Amino acid sequence: MSFDPIVQVSVSEQVAQRLLTMIRTGLLKPGEQLPPERDLASMLGVGRPAVREAIRGLALLGLLRIRQGEGTFVGSLEMRELLEPLEMVIELNAGTLEALFDARLVIEPGVAALAATHIGDADIARLRALAHDEQSLLNDPEKFSAADMAFHETIIDACENPFLQSIANSLYLLGKKSRRVTSQVDGVLERSLQDHRLILDALSARDPARAAQAMREHLCRVRDAYAVSAAASASGAPVATSAQSTSLA
């Protein structure tokens, strides 16, 4: 019989865990300012270096914000900000990006199917307006991208399942890397708009199976566009590009 050695947790890790628990339970709220390092160290019965290290670690995760000359504040805890550190992993690891595509293919068609059973007239009207905007924004990449994101976020919100909404939004926000890569493929905006119209038609018909299939085909085209672009980049071959291309997601 063998026993693993007991690993002692550093003081800074204990401080970070205490602060994390206070954030998670709402004792420390978004935007709230923490006491100065000296006071916080005294309250916790530890040295200032441990407090400083813990704060820096939580700041790297986006949970705390250090403002020079003002102090340390609890972050907004918005999903977009909390996912920022993970975006670097997606940037640096092509295998992780492929895994992200697989995850989106598992989750988002199901979200679209569920949205088809819950979506209301107001959301359908919003999706129609966004698709109309996309048609007029094919020559304005930045604004098209904003409409594209709003289109997907509206579908995610319409599924009315907080667990799936959290997962789908996380995966979608982490897909920024793939959208930058696929933007280099010629005609991608036009194809994205066509896909959105097919998804919208299925949602308007309140047809879960069609909605799921339309979303699945859309995501497969995203993945294929990324594969083509990545392969060309690896080989040094030129990729067909379009000045109008910006996002396919």
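This protein has 12 helices and two strands, and what you are looking at is a predicted model. Going along the sequence, the elements run α-α-α-β-β-α-α-α-α-α-α-α-α-α. Of the 249 residues in the protein, 41% are buried. Here is a quick tour, topic by topic.

**Overall picture**

- Take the contacts between residues at least 6 apart in sequence: 72% of them join residues at least 24 apart.
- The protein has an accessible surface of about 13500 Å². Carbon and sulfur atoms account for 55% of that surface.

**The largest pocket**

- If you go looking for pockets, the largest one holds about 220 Å³ of space.
- Its lining is made up of 15 residues. Those nearest the centre of the pocket are Glu37, Ile55, Ile66, Gly71 and Thr72.
- Helix α3 gives the most to the lining, with three residues.

- Alanine 41 sits in helix α2, which covers residues 37-44.
- Its relative accessibility is 4%, and because anything under 20% is classed as buried, alanine 41 counts as buried.
- What does alanine 41 touch once its neighbours within four places in sequence are set aside? The contacts are Val46, Gly47, Arg48 and Val51.
- Valine 51 is 10 residues away from alanine 41 along the chain, with 6.2 Å between the two C-alpha atoms.

**Helix α8**

- Helix α8 spans residues 141-158, for a total of 18 residues.
- From first C-alpha to last, α8 reaches 26 Å, close to the 26 Å expected at 1.5 Å a residue.
- Is α8 largely enclosed or largely open? Of its 18 residues, 13 are buried, so the rest of the structure largely encloses this helix.

- Glutamate 160 comes after α8 and lies in the loop between α8 and α9 (162-173).
- Phi of glutamate 160 is near 60°, a positive value in a residue that is not glycine.
- Glutamate 160 has a relative accessible area of 52%, and since the cut-off for exposed is over 50%, this residue is exposed.
- Arginine 206 is another non-glycine residue with a positive phi, in this case about 55°.
- You will find arginine 206 in the loop between α11 (188-204) and α12 (208-235).
- With a relative accessible area of 35%, arginine 206 is partly exposed, because that value falls between the 20% and 50% cut-offs.

**Cysteines and disulfides**

- A quick reminder: a disulfide is a covalent bond between the sulfur atoms of two cysteines.
- How many disulfides does the model contain? Counting pairs of cysteine sulfur atoms within 2.5 Å, the total is zero disulfides.
- Cysteine 159 has a relative accessibility of 0%, so this residue counts as buried.
- Cysteine 220, at 22% relative accessibility, counts as partly exposed, because its value is not under the 20% that defines buried.

Definitions and conventions:
Residues numbered from 1 in each chain as written. Predicted model: local features only at pLDDT ≥ 70, side-chain atom pairs only at ≥ 80, totals over all residues. Heavy atoms only, no water. Helix = DSSP H or I, 4+ residues; strand = E, 2+ residues; numbered from the N terminus. Expected span 1.5 Å × (residues − 1). Buried < 20%, exposed > 50% of the residue type's maximum accessible area, 1.4 Å probe, protein only. Contact = heavy atoms within 4.5 Å. Areas by Shrake-Rupley, 256 points an atom, 1.4 Å probe, with all protein chains shown as cover. 1 Å grid on protein atoms, 1.4 Å probe; cavity = no way out; pocket = protein on both sides within 12 Å on 5 of 7 lines; lining within 4 Å. Points joined across faces, edges and corners; volume = space filled by probe spheres on them.
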